[in-house]
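Colleague: Please take a close look at a single part of this model and walk me through it.

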Amino acid sequence: MAELRLAGRPASPGFASGPVVRLVEQKAHRVSSGDPAREADDLKKAIANALLSISALADRAEGEAAEILGFQLAMLEDDALSETAFQSIASGNAADQAWRHALDAEIELYRNGDDEYFRARSADLEDIRDTVLDHLYGSHSQISVPPGAIIAARDLAPSRFLSVDWSRGGAILLSEGSPTSHVAMLARARRVPMIVGLGEIPDSASSLILVDGALGQVIVSPHDETRAEFLKRQSADEEFALKASALETAAAITKDGTRISVLINIAGVEDLAHLDPNICDGIGLVRTEFLFGEGPGLPDEDTQYKAYRQMLEWAGARPVTIRTLDAGGDKPIKGLTVDGESNPFLGIRGVRLSLQRLDVFRVQIRAMLRAAPHGQLKVMVPMITVPSELDEVRALFHEEYESLKARGVKVMMPRIGMMVEVPAAALAVSHFKSDFFSIGSNDLVQYTTAAGRDIGAVASLADLRHPAVLKLIELVTAHGEKSGCDVSLCGDAGGDPELIPLLLQAGLRSLSAAPSLVGRAKLAITEFRFEKAGAGHG
Ligand code: PEP
Ligand code: MG
């Protein structure tokens, strides 16, 4: 099998390698007695046994795990949860059917809730549903997971997590899931690397899998060099992580006294739950496309407004850079992006799509204008190639601003800046009327080196260290210094301690990284000293 790379959302940092154990949801069968009284009795017994098995787990659990199991016990003890199921049994349904339907309806309510907290709790309800069903079926059919295994599943119940021995390592790869689910909290607390939202995980039972939880990266059947490189990073990481965690909320200052802004990249409001705003100088990138992939259809103005407002309120006086939709390329959105492009990365993506779908774009613009009074909003436009694209976006913002204001809606005009991720934009940076620039190193590298960011076979070519990429970054930072315009970097390189020295030397004084990488980025900064020629910057 050729080397394959998958990208998901980081839920818990750390490295793991090994084969995968795939957990498939099992559907067991049970023959109904046909007698409502016996069916009700069977369900009562199954609930009582489920309470006993969860209590047994809770007795051995501590801290967060004990709290989660306590929540499950309280839910299961509450008659309101089982009431619908017993009513359904009374009207002739089998115990398992009645229980499954009642719980599925409840789970759906939680899943579709406005609040990420409730959405994340749906996994606990699934857990409760399945534990009771297991007892009804008399089956504990789940595959046993050997210690140290990498689990691949659609989602994972907290009790399933707690039944695994993680003391010898392992990791969790979920095709769905959420970084704020209980199981994600448990994984972080136990330092089990976890990645969610991976989509389809290929069936590669015998292949070696490498997991980098902090980057949200999975490599299946790695080449020897990839593996050697991974092992090197893993051992260096263990040492580094220890020192980094002590620096998370400190200011990032280089050895020669230059203060560097460290911002965070997020993909949704849920990434901010449990996060201390003091770890960062603001939000450097909100990838709004994930908001568009969540529910059925596209998110309406109010849904977007609420999400943007929550982010601004979380950050307080710190700046929050929200990016307009960057759909297309590796981020297709059903019903919005163009199907069947021969090369989606060079097609209708980012601002190109927004300017073609003004119906969708105007909704996002209005949501941003309404959210702006609630904090320090900066709007960033992806994939800008020519100045007229940015001018068009600015004109649309002004149009919507005037029309909302005329209707008496409270709005504010944010600063509007652009991503520099197309080499043509970097080379011609002085031609753009932008309020700020943010370098998207992921795309800038792939477009400069003609090496696809999702193609493992050319991964070694897609290297930020290429002198051409560094030269482009220097062009942008030099323009920023000359014109007084802010320049930051929000690609993955901003959280990579090996690349940070090069970025600082290339003139960057502001970097944005995944929240779980902030400590590491700050450690790399505090250990850095400018070479003489670059010391004049900042
Ligand atoms: C980038 O290209 O570096 C970037 C930050 O944007 P994305 O990874 O979302 O394309
Ligand atoms: Mg990009």
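Modeller: Serine 221 is buried, with a relative accessible area of 14%; buried means under 20% relative accessible area, exposed over 50% and partly exposed in between, with a 1.4 Å probe and protein chains only. Its place is the loop between strand 9 (217-220) and helix 8 (224-245), where helices (H or I, at least four residues) and strands (E, at least two) are DSSP runs numbered from the N terminus. Phi of serine 221 is near 50°, a positive value in a residue other than glycine. Most residues other than glycine have a negative phi.

This is a predicted model, in which local features need pLDDT of at least 70, side-chain atom pairs count only at pLDDT 80 or more, and totals for chains, interfaces and linings use all residues. Residues are numbered from 1 along each chain as its sequence is written, chains are lettered from A and ligands numbered from 1 in the order in which they are written, and side-chain values use heavy atoms, leaving out hydrogens and water.

Methionine 383 also has a positive phi, about 65°, although it is not a glycine. Methionine 383 sits in the loop between strand 14 and helix 13 and counts as buried at 1% relative accessibility.

Helix 13 (residues 387-406) comes next. Its buried residues, including Leu390, Phe397 and Tyr401, fall within an arc of 155° seen down the axis, so they line one face of the helix; the arc is that of the directions from the helix axis to the C-beta atoms. Just after helix 13, glycine 408 takes a positive phi of about 85°.

Key
The expected span of a helix is 1.5 Å times one less than its number of residues.
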